[in-house]
Amino acid sequence: MMIVDLIDGDDFRDRLVALDIHVPADASPETCAHLARLKHNEVGVPGLEALVRELMAQSDVMLPAVREAIEQHLMELPNGEGESA
């Protein structure tokens, strides 16, 4: 039997926290994605676009709530070109 680690809300939150996005411990995937988008819009978040690409490449092992939150809030991030941090 093969056991697969699913990407759940806690995994998603932990990955965002690792990018220095402050997310409450009990935040839903929707809230996590929303807060990540807000911070990215305000100051930019290095590594967020790469994280989104990485997670979406693993969508077959991602819980639907996490995938939906990413699709709703993080799929079309501004690229930050021309902005200063």
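Predicted model: local features only at pLDDT ≥ 70, side-chain atom pairs only at ≥ 80, totals over all residues.
Let me step back to the whole chain. How many helices and strands are there? The chain has four helices and zero strands, so the pattern, read along the sequence, comes out as α-α-α-α. There are 85 residues, and 32% of them count as buried. If you take the contacts in the chain with a separation of 6 or more, 60% come from residues 24 or more positions apart.

Now back to H4, and to the helix that valine 52 belongs to. Val52, Leu55 and Met56 in H3 meet Arg67, Ile70 and Glu71 in H4, which brings our opening residue into the picture. By class, this contact of H3 with H4 splits into four nonpolar residues, two charged ones and no polar ones. How do H3 and H4 pack? Their axes are 11 Å apart, at an angle of about 140°. That angle makes H3 oblique to H4; the cut-off for roughly antiparallel is over 145 degrees. As for handedness, H3 passes H4 in a left-handed crossing.

H4 has another partner, H2. Here the axes are 8 Å apart and the angle is about 25°. Angles under 35 degrees count as roughly parallel, and H2 and H4 are therefore roughly parallel to each other. H2 passes H4 in a right-handed crossing. Which residues meet here? From H2 we have Pro29, Glu30, Ala33, His34 and Arg37, and from H4 we have Ala65, Val66, Ala69, Ile70, Gln72 and His73. Sorted by class, the contact of H2 with H4 holds six nonpolar, three polar and two charged residues.

The next pair is H1 and H3. Their axes come within 10 Å and cross at roughly 155°. H1 and H3 are therefore roughly antiparallel to each other, and their crossing is right-handed. On the H1 side, the contact is made by Phe12, Arg15 and Leu16, while H3 brings Leu48, Leu51, Glu54 and Leu55. Five of the residues in the contact of H1 with H3 are nonpolar, two are charged and none is polar.

In soluble globular proteins, nonpolar side chains tend to be buried together. In our chain, the largest nonpolar core has 22 residues. Which of them touch the most other members? Those are Phe12, Leu16, Leu48, Ile70 and Leu74. Each of the helices H1 (9–18), H2 (29–43), H3 (48–57) and H4 (64–73) supplies at least two residues of this core. The helix that gives the most is H3, with five residues.

Not counting residues up to four places away in sequence, isoleucine 70 touches Phe12, Ala33, Val52, Leu55, Met56, Met62 and Met75. Remember that Ile70 is also part of the contact of H4 with H2, and of the contact of H4 with H3.

Histidine 40 lies in helix H2. Buried or exposed, then, is histidine 40? Its relative accessible area is 7%, so histidine 40 is buried. Leaving aside neighbours within four places in sequence, histidine 40 is in contact with Val45, Leu48, Glu49, Leu77 and Pro78. Leu48, you will recall, is one of the core residues that touch the most other members.

Finally, have a look at the loop between H1 and H2, where you will find aspartate 20. Most residues other than glycine have a negative phi. Aspartate 20 is not a glycine, and yet its phi is positive, at about 70°.

Notes
Residues numbered from 1 in each chain as written. Heavy atoms only, no water. Core = buried A, V, L, I, M, F, W, Y, C linked by side-chain atoms within 4.5 Å. Buried < 20%, exposed > 50% of the residue type's maximum accessible area, 1.4 Å probe, protein only. Contact = heavy atoms within 4.5 Å. Axes fitted to C-alpha atoms, helices over the stretch in contact; angles between N-to-C directions. Parallel < 35°, antiparallel > 145°, perpendicular 65-115°, else oblique. Left-handed = near helix turned anticlockwise from the far one by under 90°. Nonpolar A, V, L, I, M, F, W, Y, C, P; charged D, E, K, R; others polar.
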